[in-house]
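These are my notebook entries on one model. I set down what I looked up, entry by entry.

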Amino acid sequence: MDPTRPGLLHSAADLDRVAGKVAAGAQPWAAGWERLAANGRSSADWQPRPLRDVIRGVAGDNVGQMYADIHAAYQNGLRWRLTGEKAHGDAAVRILNAWSGTLRSLSGNADRFLAAGIHGYQFANAGELVRDHPDFDLPRFQKMLLGIFYPMNEDFLTHHNGAVITNYWANWDLCNMCSVLAIGAFTDRKDLVNRAIGYFKNGKGNGSIRNAVPVVYSREGLAQWQEAGRDQGHTVMGIGMMATFCEMAWHQGVDCYGYDNNRFLKGAEYVAKYNLGYDVPFTEYTWQSGPLATTAAHAGWDTQTVVSDYGRGHVRPVWDLVLGHYAGRRGLSAPWTRRMAQSIRADGGGGDYGNGGGYDQLGFTTLMHAR
């Protein structure tokens, strides 16, 4: 087994550590394990339903059939890595091989780029868990990711679906950044890893660190999130996406978590504090939307003047990933992130938080990232 593998959201050392915690019945890992074992998608009896053509956002939308299988593969892969139970490893491989042998296209309206980003990084993480399984068709799976998902990720980050650069919210960039990074690491494409990390630091779109976290309030130890004036569901999603990106980069030897004086930590603290019911500062946020235009007459401008209370208190299984790094690995203060993580422990994963957005993150961060 390659000692550097797996190397996306979970390292071999992480998996060994968590397996030991679960075997010892230690908390909160034991509670996290119970959430995983109770999730129907983690059953070794799960049977895949691969599609030739996946559609999102228009008539015939069937993306849910794909993401249910992705989460089943990931969850079974986790159970295999943590316990060695053969049936779960076989289930994960059965699902992933079925999809790599069937999928030919991913289409739809603009939401096709969300699907390419979210499910590209998730497929890569599921594949990474079982890459050394003897029955896994690794070359074919890599070909699927590089042939279908990556080109869409790169197209979005380069062209933004023909829109002005600020048109798409941070999450659109972030999920595609996650996919480029995950696919690059999974397929040993260092150029893709470098592309994703370069975009995180200096990209023009809203997913790059200074655009996703545009205003820092140094005295309060907080920083405004780009979607904070929009709604809290997408804001919390953004925290999960950036945490996923930073964790995968960390396992590639790059510290995006700490970039620009822990800018992401301040953003996470801001979102956690507000969603716990406390006030946070807000600076007016103005942006342009619409298609690329040759004249100013085609430009659309909007301004948000207050932090949005729509969806306030929104819960997604992302917080122990943030806390595990900043407080666990680094010993930094993250009081609001800690309170948020503790308030939703032990978190679950796909299938535990409804459809659609409930599958945007792989989850189980209490189990896998608590320290």
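Predicted model: local features only at pLDDT ≥ 70, side-chain atom pairs only at ≥ 80, totals over all residues.

**Entry 1: helix α11**

I then looked up burial along the helix: 13 of the 17 residues of α11 are buried, which means that the helix is largely enclosed by the rest of the structure.

I checked the backbone angles in this region as well. N262 is found in α11, and its phi is near 55°, a positive value in a residue other than glycine. Just after α11, G277 also has a positive phi, of about 105°.

**Entry 2: the nonpolar core**

I next asked which residues have the most contacts inside the largest nonpolar core. They are F123, F149, W225, F264 and W319, in a core of 123 residues. Helix α7, residues 170-186, supplies the largest share of this core, with twelve residues. As general background, I note that nonpolar side chains tend to be buried together in soluble globular proteins.

Leaving out residues up to four places away in sequence, F264 touches I209, W225, I239, M242, A243, C246, Y257, V322 and Y326.

**Entry 3: helix α1**

I applied the length check to helix α1, residues 12-24. Its 13 residues should span 18 Å at 1.5 Å a residue, and its end C-alpha atoms are 18 Å apart, so the values agree. The buried residues of α1 are D14, L15, V18, A19 and V22. Seen down the axis of α1, the buried residues fall within an arc of 130°, so they line one face of the helix. On the face turned away from that buried side I found the exposed residues A13, D16, A23 and A24.

I also looked up what covers the buried residues of α1. The covering elements include α2 (29-38), α3 (63-83), α5 (111-129), α10 (232-250), α12 (319-329) and α14 (365-369). After the helix comes G25, with a positive phi near 75°.

**Entry 4: cis peptide bonds and a positive phi**

I recorded a cis peptide bond between Q27 and P28, with omega about 10°. P28 sits in the loop between α1 and α2. The peptide bond from R345 to A346 is also recorded as cis, with omega near -10°. A346 has its place in the loop between α13 (335-344) and α14.

D188 was looked up next. It lies in the loop between α7 and α8 (190-202). D188 is not a glycine, yet its phi is positive, about 60°. Its relative accessibility is 56%, so D188 counts as exposed, the cut-off being over 50%.

**Entry 5: pocket and cavities**

Where is empty space left? I note that rolling a probe the size of a water molecule over the atoms shows this. The largest pocket holds about 250 Å³ of space. It is lined by 15 residues, and R56, L114, H234, M237 and D360 are the closest to its centre. I looked up the elements behind this lining: α3, α5, α7 and α10 each supply at least two residues. The greatest contribution is that of α5, with three residues.

I then searched the whole structure for cavities of 30 Å³ or more, and two were found. About 80 Å³ of space lies in the largest cavity. Of the 13 residues that line the largest cavity, T244, L321, L362, G363 and T365 lie nearest its centre. The elements giving two or more residues to this lining are α10 and α14.

**Entry 6: two single residues**

I looked up A98, which is found in helix α4, residues 86-100. Residues up to four places away in sequence aside, A98 touches P48 and P50. A98 and F141 are 43 residues apart in sequence, and their C-alpha atoms are 9.7 Å apart in space.

Beyond its neighbours within four places in sequence, G300 is in contact with W287, Q288 and S289.

Technical notes
Residues numbered from 1 in each chain as written. Heavy atoms only, no water. Helix = DSSP H or I, 4+ residues; strand = E, 2+ residues; numbered from the N terminus. Expected span 1.5 Å × (residues − 1). Buried < 20%, exposed > 50% of the residue type's maximum accessible area, 1.4 Å probe, protein only. Arc of directions from axis to C-beta. Contact = heavy atoms within 4.5 Å. Core = buried A, V, L, I, M, F, W, Y, C linked by side-chain atoms within 4.5 Å. 1 Å grid on protein atoms, 1.4 Å probe; cavity = no way out; pocket = protein on both sides within 12 Å on 5 of 7 lines; lining within 4 Å. Points joined across faces, edges and corners; volume = space filled by probe spheres on them.
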